[in-house]
Each structure stands twice: as C-alpha cells, then as structure tokens.
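Grab a viewer and work through these exercises. Each one has a task, followed by a worked solution.

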Amino acid sequence: MTLDASARLEVDPLIDDPATRIIVCCGAGGVGKTTTAAALGVRAAERGRKVVVLTIDPARRLAQSMGIDSLDNTPRRVKGIEGDGELHAMMLDMKRTFDEIVEAHADAERARAILENPFYQSLSAGFAGTQEYMAMEKLGQLRGREEWDLIVVDTPPSRSALDFLDAPKRLGSFLDGRFIKLLMAPAKVGGRAGMKFLNVGMSMMTGTLGKLLGGQLLRDVQTFVAAMDTMFGGFRTRADATYRLLQAPGTAFMVVAAPERDALREAAYFVERLAAEDMPLAGLVLNRVHGSEAARLSAERALAAAENLDESGIVDQEPGKTGGRDAAAVSPESPAVDHSPEAREVPPDTPGSPSEVPEVPDAHDVHDVQTAQQLTAGLLRLHAERMQVLAREQRTRDRFTALHPEVPVTEVPALPGDVHDLAGLRAIGTRLAAGS
C-alpha cells in the first residue's frame, strides 16, 4: 500500500512545532493507541522537547516498554532518552484524580465528609464516564502547570472512542442536573424541615427507587449532594474549559486505526465528530499495515504458478525404474552396461564414453526435485494470501479516503513482534514519521 504524497500526515513538523502543546491519540480499542502515543512521546523527546505521556490504559504496557516498574498519577521521568529532550510518563488513577479535585475545591472538613461518603466512593470508583472525565481533568491540570512543552494523551480503551469527547459534558450534566438540584433542596432548607421536604416532596419519585435500592442509598446521595453543593458549578466550568482546550489551535487529534473495516468505520465517524465540534484533526495513523517486497507478483499469477508446479510434479517410481543404478532392468532388449572399473577408465573422447551418455537422476535426485517443487508451490500460495490481504487493506483504506479525502494519512508497517522496549517505540516513531 502506498500513499499519495499530498495526503501524507507529516509527523515530525507537527511534533517539532512549539505551538503544538497537546496531541490526543484516539480511536477504537485494540488499534495501537497506547503504542502510538508512547512512540510519539519518545520521538518528540529525542528531537528536543520536554514531553509527558498520559495513558489511561490499565494494561501497564506503557510502563513496561519504557523501563518503568509502574506508573501512577504522578509523572515519572523515563531513562534512556537520546538527545536534549525529556520524557515523562504517567497512568491515570481515576479515583485519586477525583479525590484531588475534592481536596482542591473544598475546605478540610467538607472534603473529609465527601471522601468518606459511600455514594462518593462508588461514584469516583466506577460511575459511567468518570474515567474519561477524569482523564480530561488531569489533562487540564497538566496543561495549567506549564511544565511540559508537549502533552501526549492516550485515550481510554472504551467501547466507543466518542466517549472521550462526551464524558465531560455527560458528567457535568449529571452533577448539574435537575435530579441533583432536587436533592440539594433539603440541604438548603435545612434541619427537620429539610427532611420533611425530602420525605413529602420526593415521596412519589423515590418510593419505587427506595424499595429497590433502600433508603440508606438515598440518604448517602443526599448527604453527598449537600457536601458537594459548592463544587457543582466548578465541574461544569472545568468541563467547558476542557472542551475549549481541546478546540484550541495548540491541540492536535490523531485518529488511530487498523486497516480493517470496523476500525476505519469508527475512525470515519470520529473524524466527522471532530469536524462537527470544531476540533483540530492532524490526520489518521493507520497501524499494522502489511506490505510485500514482491508486490509485482499478483495473487492470481502466484496461484497459477503453484498449480502448474503441482500438475507438472514428478511422480515417485519404484527403485530401478528411473534410469539410475539399475537401469539395465528397464528393458530386456536394452544392452548391458558394464560398470566395471575398466569401463569407467575409457578416455573421454572415446565414442560411447560416459562423458557422452547423459546421466539420468536417481531416486534421491527425483525426491529432491519434488521437495523443491512442493516448497515453491507452498511459498507461492503464502505470497498469494499475503497479496490478498494487501488488496483487502487497500480497498478498505480507499473507502475511507473516498469519504474523507481531506484527511492526511500515515501508515505504520506491521512489525513481526510486539513492542516491549524503548528501541521498539523508537522504531515505531521512525515508521510514523516516514510512512510507507
């Protein structure tokens, strides 16, 4: 597969540009977002920038590939970077990030009440969208510190990459919604009047819910809301600020995909969503693309050649009937051949000498020829399968290009093994920059 030069994503100019402050790697799960983000971080650092890579991948592959025992909510410097830059890496701790927000925006007594509240503990540990929202919170914190030249974000491995964009608004809407405001009302009334309001004003709404979940949950929620009252506006404000940060000129989105139909379909959907939200798209990274040094031999020709080899193969014969050492037994009328030493000493220019009689391969030679033909036919079939894969990947990419001809693309050739160290990440970075 090859790319038109005008449509190629130029990675090095992007990461070298001081105006590029955030790169967000997004896409469907399992397409190589974490590896792409790490490789971009390594390449940018080795080209002189001070970089931090934020991953939300719980598999901890990033830490292993960078030679770090473990990653947590604090950026840790990566050793072994060549050049004048620096590389730091961290893995989002969702609950710890939520705790930090509470501690930063509430006094000590209220913060303790929130952190110890059972509903808060459930919310911060597993509420739908919390991980994505906290990733954006952490991004905002990192950007606000002005400590790094470039922040590379590896988005969460969610079912849909769009969750990353939707989470800030979704969680902000939840914390600022009518249900939460209704729960806040008793706390604002205060005392027994508040509890009376809760019991009477919410009886119809909470009756069924109370039977299913129990009154204790509702009391935990009400206590949580009362403690979080002054913080709800902050969630909405920060969600809006994060969205503006993603739309800023210093941010670049890289959509990562594999050359497969489902992955590129989601990539196309994501490209359209970014355009609708006025978010800057750098281009598409197409990972694990297959190639061949013998692409001029088509699958059809390779299969035809394999079939010809099968049809023209030499058939095994019984020993002594291949014209070899027992050739005298081929026909009773055949003249006897003298194999004595004296016969072998006939001068080369003597008529009928062995030098003038063509040698007939023996059974071992025939077997060797057959084996070579079988191996060749097998290799031709493997080549045909590979060319069919290449053709399928090309058709899939062409469909994406037809839908979005304006999107620059770079292709990363498939590697024979997994990336597990800095050298592997460096090699991926080189392929990202070079394309195919």
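## Exercise 1: a strand and its neighbours

Thr-251, Phe-253, Val-255 and Ala-257 point one way from E6, while Ala-252, Met-254 and Val-256 point the other way, and all are buried. Before going on, some ground rules: this is a predicted model, where local features need pLDDT of at least 70, side-chain atom pairs count only at pLDDT 80 or more, and totals for chains, interfaces and linings use all residues. Residues are numbered from 1 along each chain as its sequence is written, and side-chain values use heavy atoms, with hydrogens and water left out.

**Task.** Work out how E6 is covered and which strands it pairs with.

**Solution.** 
- Step 1: Buried means under 20% relative accessible area, exposed over 50%, and partly exposed in between (1.4 Å probe, protein chains only). Helices (H or I, at least four residues) and strands (E, at least two) are DSSP runs, numbered from the N terminus. Two strands pair if DSSP finds at least two bridges between them.
- Step 2: check the cover. E6 spans residues 251–257, and seven of its seven residues are buried.
- Step 3: look at E1 (residues 22–26). Five bridges join E1 to E6, and the two run parallel; Ile-22 stands opposite Thr-251 in E6.
- Step 4: look at E7. Five bridges join E6 to E7, again parallel, and Val-255 has Leu-284 in E7 as its bridge partner.

## Exercise 2: two cysteines

**Solution.** 
- Step 1: apply the cut-off. A disulfide is a pair of cysteine sulfur atoms within 2.5 Å.
- Step 2: count. This rule gives zero disulfides.
- Step 3: Cys-25 is buried at 0% relative accessibility, and Cys-26 is buried with a relative accessible area of 0%.

## Exercise 3: positive phi

**Task.** Say where Asp-278 and Arg-288 sit, and whether each is buried, partly exposed or exposed.

**Solution.** 
- Step 1: Asp-278, a residue other than glycine, has a positive phi near 60 degrees. Asp-278 lies in the loop between helix H14 (261–276) and strand E7 (281–289), and at 60% relative accessibility Asp-278 counts as exposed.
- Step 2: Arg-288 also isn't glycine, and its phi is positive, near 55 degrees. Arg-288 is found in strand E7 and is partly exposed, with a relative accessible area of 43%.
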